[in-house]
Amino acid sequence: TSLNFGQMLKELVSVSGIRITHLANELGYDSSYLSRWLSGAKTPSLRNNSNLFSKISDAIICCSSNTGLEALLQKYGCRAQIAGADQWGNITSGTEL
């Protein structure tokens, strides 16, 4: 089944354990506004999606427990490359993270 934006965000918040208030602060939004996203009553404007999705990913990854992030990646069959000072070395050497 496909998920809409609110459903996916709700799942990310649930699996990561991040608090809505923390995510709202990271994104620069009021938590009540994020609650409307989670309920499906509102969706982010298309104008800001690229930057917003990047900020959401950063906040989720930073605040997730390792097991929460691993479960999320496995559920959707994803792989992640976490950036760092040695990212280029990891990419060129084929290191699996």
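This is a predicted model: local features need pLDDT of at least 70, side-chain atom pairs count only at pLDDT 80 or more; totals for chains, interfaces and linings use all residues.
Trainee: Which residues of helix H3 are buried?

Mentor: Helix H3 spans residues 31–39, and its buried residues are Leu34, Trp37 and Leu38. They lie on the same side of H3, because they cover an arc of only 100° around the axis.

Trainee: Where do nonpolar side chains tend to be in soluble globular proteins?

Mentor: In soluble globular proteins they tend to be buried together. Here the largest nonpolar core has 15 residues. Those with the most contacts inside this core are Leu9, Ile18, Leu23, Leu27, Leu34, Trp37 and Ile56.

Trainee: Which elements give two or more residues to this core?

Mentor: They are helix H1 (5–16), helix H2 (20–27), H3 and helix H4 (49–63). H4 gives the most, with four residues.

Trainee: What is isoleucine 18 in contact with, leaving aside its neighbours within four places in sequence?

Mentor: Contact here means heavy atoms within 4.5 Å. With those neighbours set aside, isoleucine 18 touches Val13, Leu23, Ala59, Ile60 and Cys63.

Trainee: How many helices and strands does the protein have?

Mentor: There are six helices and zero strands, so the order from the N terminus reads α-α-α-α-α-α. Among contacts with a separation of 6 or more, 48% are between residues 24 or more positions apart.

Trainee: What part of the protein counts as buried?

Mentor: Of its 97 residues, 25% count as buried. The accessible surface of the protein comes to about 6600 Å², and carbon and sulfur atoms hold 51% of that surface.

Technical notes:
Residues are numbered from 1 along each chain as its sequence is written. Side-chain values use heavy atoms; hydrogens and water are left out. Buried means under 20% relative accessible area, exposed over 50%, partly exposed in between (1.4 Å probe, protein chains only). The arc is that of the directions from the helix axis to the C-beta atoms. Accessible areas come from the Shrake-Rupley method with a 1.4 Å probe; for residues, only the protein chains shown count as cover. A nonpolar core is a set of buried Ala, Val, Leu, Ile, Met, Phe, Trp, Tyr and Cys residues joined through side-chain atoms within 4.5 Å.
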